[in-house]
Amino acid sequence: MKRKYEKGMLLQNTSGDIIRILDIKINMADANDTKLLMINCIQRKMPTWEPVTNFMNWISITEEKLWETTGIYPLSLIHI
């Protein structure tokens, strides 16, 4: 079964790393050569292009899970 990736999607692995997909580069000749422009939401380094095969076992998570994990919440949710 092929996995569908979308821009803006959040993924988490079993080690607790979380990434956000910023862009997708699809190789029409070889789907395994598809690359994701991703940013690590925990380490917050510059985005990098990585092979889609690196993320086959990662699970999709919600924005709320990202907020809970990082402790960073949108201002609209903080009661001042």
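Helices here are DSSP runs of H or I with at least four residues, strands are DSSP runs of E with at least two, and both are numbered from the N terminus. With that settled, hello everyone, and let me walk you through this one.

This is a predicted model, where local features need pLDDT of at least 70, side-chain atom pairs count only at pLDDT 80 or more, and totals for chains, interfaces and linings use all residues. Residues are numbered from 1 along each chain as its sequence is written, and side-chain values use heavy atoms, with hydrogens and water left out.

So what do we have? The protein contains 5 strands and 1 helix, and along the sequence they come as β-β-β-β-β-α. The C-alpha trace spans about 55 × 20 × 20 Å along its principal axes.

Now the sheet. Two strands pair if DSSP finds at least two bridges between them. The 5 strands make an open sheet, ordered β4-β3-β2-β1-β5, with antiparallel pairing. At its edges sit β4 (48-51) and β5 (59-61), each pairing on one side only. On average, neighbouring strands are turned by 50° against each other, direction ignored; axes are lines fitted to C-alpha atoms, for helices over the stretch in contact, and angles run from 0 to 180 degrees between N-to-C directions.

Let's go strand by strand. β1 and β2 pair antiparallel through 3 bridges, and L11 stands opposite I19 in β2. These two strands form a hairpin with 5 residues between them, and G16 in the turn has a positive phi of about 95°.

On to the next pair: β2 (residues 18-25) is joined to β3 (residues 35-40) by 6 bridges, again antiparallel. Here R20 faces I39 in β3, while I21 stands opposite M38 in β3.

And where does the helix go? Helix α1 (residues 63-70) lies across β1 (10-12), β2 and β5, and runs at about 135° to β2. Contact means heavy atoms within 4.5 Å. Among contacts between residues at least 6 apart in sequence, 39% join residues at least 24 apart.

Last, the surface. Of the 80 residues, 26% count as buried, that is, under 20% relative accessible area with a 1.4 Å probe, protein chains only. The protein exposes about 5900 Å², with carbon and sulfur atoms supplying 56% of that; the areas come from the Shrake-Rupley method with a 1.4 Å probe, and for residues only the protein chains shown count as cover.

Conventions
Buried < 20%, exposed > 50% of the residue type's maximum accessible area, 1.4 Å probe, protein only.
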